[in-house]
Amino acid sequence: MTRTVRGGLVVALFFVTSAAAAQDREQDAERFFREGQKLMEDRNFGAACPKFEAAYKIDRQLGT
């Protein structure tokens with residue numbers, strides 16, 4: 001295997017693992033947000049706030 005091919009494989013592997021990690025973080029943020037919403041519906045505000053905070057730390061967007 002040539003040096004160029006190996007380098008290309010390393011770069012491709014990096015992008016695949018980066019994309020997978022980003023997707024995992026988005027799923028975690030979504031899960032925390034949904035848990036926070038459920039706790040708010042149950043009027044458990046003290047437990048909901050840390051869930052929203054965790055979601056926002058992962059995904060700092062409006063709506064999180």
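In this predicted model, the largest nonpolar core consists of 6 residues: Phe 32, Phe 33, Leu 39, Ala 48, Phe 52 and Ala 55. Two elements, helix H1 (3-41) and helix H2 (45-58), each give two or more residues to this core. In soluble globular proteins, nonpolar side chains tend to be buried together.

The chain as a whole contains 2 helices and 0 strands. Of its 64 residues, 12% count as buried. The accessible surface amounts to about 5200 Å², and carbon and sulfur atoms account for 60% of that area.

The C-alpha atoms of Arg 25 and Asp 59 are 7.8 Å apart in space, although 34 residues separate the two in sequence. Arg 25 has a relative accessible area of 45%; because this value falls between the limits of 20% and 50%, Arg 25 is classed as partly exposed.

Aromatic and charged side chains were examined next. A search of the whole structure gives 1 aromatic pair. Phe 32, a member of the nonpolar core, also has a charged neighbour: Arg 31 lies over the face of its ring, at 4.6 Å from the ring centre.

Side chains of opposite charge can pair when their charged atoms come close. The count of salt bridges in the model is 6. One of them joins Arg 31 to Asp 28, with 3.6 Å between the closest N and O atoms. Both residues belong to helix H1 and stand 3 residues apart, about one turn of the helix. Arg 31 is partly exposed at a relative accessible area of 40%, and Asp 28 is likewise partly exposed at 32%. Arg 31 and Asp 28 are also part of a network of salt bridges that includes Glu 35 and Lys 51.

A further salt bridge links the side chains of Lys 38 and Asp 42, with an N to O distance of 3.1 Å. Lys 38 is partly exposed, with a relative accessibility of 44%, and Asp 42 is partly exposed at 46%.

In helix H2, Lys 57 and Glu 53 are 4 residues apart, about one turn of the helix, and their side chains form a salt bridge at 3.9 Å, N to O. Lys 57 has a relative accessible area of 55%, so it passes the 50% limit and counts as exposed. Glu 53, at 47%, counts as partly exposed.

How values were computed: Residues numbered from 1 in each chain as written. Predicted model: local features only at pLDDT ≥ 70, side-chain atom pairs only at ≥ 80, totals over all residues. Heavy atoms only, no water. Core = buried A, V, L, I, M, F, W, Y, C linked by side-chain atoms within 4.5 Å. Buried < 20%, exposed > 50% of the residue type's maximum accessible area, 1.4 Å probe, protein only. Phe/Tyr/Trp six-rings, centres within 6.5 Å; stacked < 30°, edge-to-face > 60°. Lys NZ or Arg CZ within 6 Å of the ring centre and 35° of its normal. Areas by Shrake-Rupley, 256 points an atom, 1.4 Å probe, with all protein chains shown as cover. Salt bridge = Lys/Arg side-chain N within 4 Å of Asp/Glu carboxyl O.
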